[in-house]
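Me: I am new to this structure. Please take me closely through one part, the open sheet, and then through what surrounds it.

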Amino acid sequence: MKRLLCGIGICLVVLALSSLTAVAGEKVDEVRIGIVVPLSGIGATVGTQMKTGATIAIEEINAKGGIKALGGAKLRLIAGDSQGKPDVGASETERLIQRENVHVMIGSYQSATTIVTTEVAERYKTPWVVLASVSDRITGRGFKYVFRPCNMAAYDANEQLQAIKHLTQEFGKGPKTYGLLVEGTEWGKSHAENVRRIAKEIGYDLVLDEAYPPGQADFSPQILKIRSKRPDFLIMAMYTPDHILFNKQQMEQRLDLAFGLHSVGSGAEDPAFYKALPVQAVEYMFVQEDFQIDITDVAPWTQAIDKKTREMLGYELNAYVAQGYSNAYIIADALERAGSADKDKIRDALAKTNITSGPALITGYQKIAFDATGQNVDSHGVISENLKGKRTTVWPVANRPKGIKPVWPIPAWKDR
Amino acid sequence: MDPIILGVAVVNGILLGGLYGAVALGLSLIFGVMRVINFAHGTFLMFGLFIPYWLWQLFGINPYVSVLVAAPILFAVGYGVQATIIAPLFKRERAMVLEPLSVLLLTAGVGLILDNLTLMAFGPNVRAVQVRFASTSLWIGETLSINVPRLIAFVASVAIAVALSLFLSRTDLGRSIRSTAQNRDAAALCGINVPQIYNITFGLGCAVLGIVGCVMVPFYYVSPTVGLAFGVKSFIIVVLGGIGSIPGSILGGLILGIVESITAQFVTATSAATFSFLIFILVLFFRPTGLMGLKV
């Protein structure tokens, strides 16, 4: 017990000292980056992945001599746990800005939290680089200090349909009708709305518009319905359990769709999904991915980061690790150009960001540059097709690995 | 509507409904004998799914063989929960009918604790077994496919119900259980060890879920919250079919399965759920004891 108390005492002293030096160090010998993400509660796995990505990037930058424009200043990551709750996220943001004197911040995954945390940061004139929050509102409020390198919600539906349109042109064969099968809560319904709007512009006819309560015991009625309405392709938004069940049953019942299943991710981006299903159940399925899923094949330099991620987390590089990693490099790039750790100068440098190469593009974008609202208009996900059990990028063409030919239309079950 | 599509929908509904009925069997038995609404029912089903999953994952054992392990384990778990957690409540209220609310909260608490322990132990990941026969289907014509594991699950469900009925009507232990259900005090006067019968009944109700889990796992998934989808449905089925009635449970399951399957062909699935509850309300209204329930 004595030992424990002693240990706690030492920890407290160390903590006090470190915060003292932080306040004292006005001369720039380190730049403090605050990260507010869920490290416990709902979304803790994702928050940990983001923090891991940022940590890997910062270690790399520091090992290469820090920020050269600031005389080799080192970067330091200081984490706050939002617990996935907006109010906790706000108070953690306040703590990092007020107590830890962070210069710039990143976060916070759940859109509801990010909307609040960025508001706090805006009040303290602290620049914020958004991590994986897609709600349109985040960049739609006229804030000066908020920058979003990643997708907005409406991009997802657009990418799915643009990929279908592109494949139609590429192969000279394409669909006329489509169906929607989405989970019947906020995410699924808003996605369906976006799909309907864009599909109408392109000219696809909606023949099946189906929502279901999450946690289905059986998809036979829905599959039967798809069979009788015969859409050319199906757009799906499902969480993991339902997605697993649906994919199993469409395989058992040999559901043929000429132009395939198109999932907007979530369930189909969960590593557990692919572990739970045989290869045939996902073969030829298209998935809208939030980052280039086969990046290690296209950009071999990312293999080192993949390896590091496996060491730290026990599984492979994914969209969230990549975004944490990318955001740290975006900040490093701004610091080099700002030549100062002054928050307003960092903000101005971020606004002028124009990255077209380097580690920040691990997410698979061709470019990172922010428009007047702070949104990166060059952000995009990719559409992958499961080919021989591997998720392979097929759209946009600039991201497609060499020698890959998508399968379009999809062969019927009896020909597989 | 196309008669073929309608036919397929009915077949799908029957296959699913049989399974619903089997899941509800244990709940009905426990309620019928002990007047205990077991809110941890979904949790025990989750155990029934996890056991064959791990046996398959770790040792490659066929889920159908796992019945030999899962059913006894679930029996022991049910027996243990009743003997250690619920029995003290009965003792405290020996003279009176058991206060429904306190037992309800108790079983709900047991369910929450076990669910979260499972979550801590295995994480929130959704898992599934991959066995080759899981995707084999019988094809009748071009549109009607019957998934073999689902057919097996249906046959098993009916078999469990028949076996349970025979057990209750033909064996000494079964008769003891029924007499305890009819009149606890009279049964005790005849020399029946009532607490022991309660333990066995609770164990039996859970053992059924052990069997159901094993026949379900080839075509379903496993996660710590998997029981939720079946929990509410089981309550509807028990009330629909008649509390404590074994054939009623299967009948209630079939009705729910067929209604779900057919209405989903006309309206979207979120609205189709409304019809299940509508039937539930109608039955409560016109036949409060359920379709096959005894008139009290």
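Reply: This is a predicted model. Start with the sheet in chain A. Seven strands form an open sheet, in the order β7-β6-β8-β9-β10-β11-β12. The pairing is mixed. Two strands sit at the edges, β7 and β12 (390–395) of chain A, and each pairs on one side only. Neighbouring strands are turned against each other by 25° on average, with direction ignored.

Now look at the β7 end. Strand β6 (residues 177–183) of chain A runs parallel to β7(A), and seven bridges join the two.

Helix α6 (residues 186–202) of chain A lies across β6, β7, β8 (233–238) and β9 (261–266) of chain A. The helix runs at about 165° to β6(A).

The contact between the chains takes 28 residues from chain A and 30 residues from chain B. On the chain A side, the elements that give two or more residues are β7 (205–212), α7 (220–229), α8 (240–252) and α9 (271–276). By class, that side of chain A has 14 nonpolar, seven polar and seven charged residues.

The loop between β11 (382–387) and β12 of chain A holds K388(A). Phi of K388(A) is near 50°, a positive value in a residue other than glycine. Most residues other than glycine have a negative phi, and most peptide bonds are trans. K388(A) counts as exposed because 8 other C-beta atoms lie within 10 Å. Another positive phi belongs to Y109(A), at a value near 65°. Y109(A) is in the loop between β3 (104–108) and α4 (111–123) of chain A. Y109(A) counts as buried, because it has 26 C-beta neighbours inside 10 Å.

Follow the chain past β12. A cis peptide bond joins W395(A) and P396(A), with omega about -10°. P396(A) lies in the segment after β12 of chain A. That segment also holds P409(A). A cis peptide bond joins W408(A) to P409(A), with omega about -5°.

Step back to the whole of chain A. The chain is divided into domain 1 (2–151 + 298–363) and domain 2 (154–289 + 381–415). Their C-alpha centres lie 34 Å apart. The contact between them takes five residues from domain 1 and nine residues from domain 2. On the domain 1 side, the residues divide into three nonpolar, one polar and one charged.

Finish with the nonpolar core. The largest one has 199 residues. Y325(A), L49(B), L74(B) and I211(B) touch the most other members. Helix α1 (residues 3–34) of chain B gives the most to this core, with 16 residues. Domain 1 and domain 2 of chain A both give residues to the core, so it lies between them. In soluble globular proteins, nonpolar side chains tend to be buried together.

Take L49(B) as a last stop. Leaving out residues up to four places away in sequence, L49(B) touches G213(B), M216(B), V217(B), Y220(B), V222(B) and V226(B).

Conventions:
Residues are numbered from 1 along each chain as its sequence is written. Chains are lettered from A and ligands numbered from 1 in the order in which they are written. This is a predicted model: local features need pLDDT of at least 70, side-chain atom pairs count only at pLDDT 80 or more; totals for chains, interfaces and linings use all residues. Two residues are in contact if their C-beta atoms, placed from the backbone, lie within 7 Å. Helices (H or I, at least four residues) and strands (E, at least two) are DSSP runs, numbered from the N terminus. Ala, Val, Leu, Ile, Met, Phe, Trp, Tyr, Cys and Pro count as nonpolar, Asp, Glu, Lys and Arg as charged, and the others, Gly among them, as polar. Two strands pair if DSSP finds at least two bridges between them. Axes are lines fitted to C-alpha atoms, for helices over the stretch in contact, and angles run from 0 to 180 degrees between N-to-C directions. A nonpolar core is a set of buried Ala, Val, Leu, Ile, Met, Phe, Trp, Tyr and Cys residues joined through C-beta atoms within 7 Å. A residue is buried if 20 or more other C-beta atoms lie within 10 Å of its own, exposed if 12 or fewer, and partly exposed in between; C-beta atoms are placed from the backbone. Domain bounds come from an automatic or database domain assignment.
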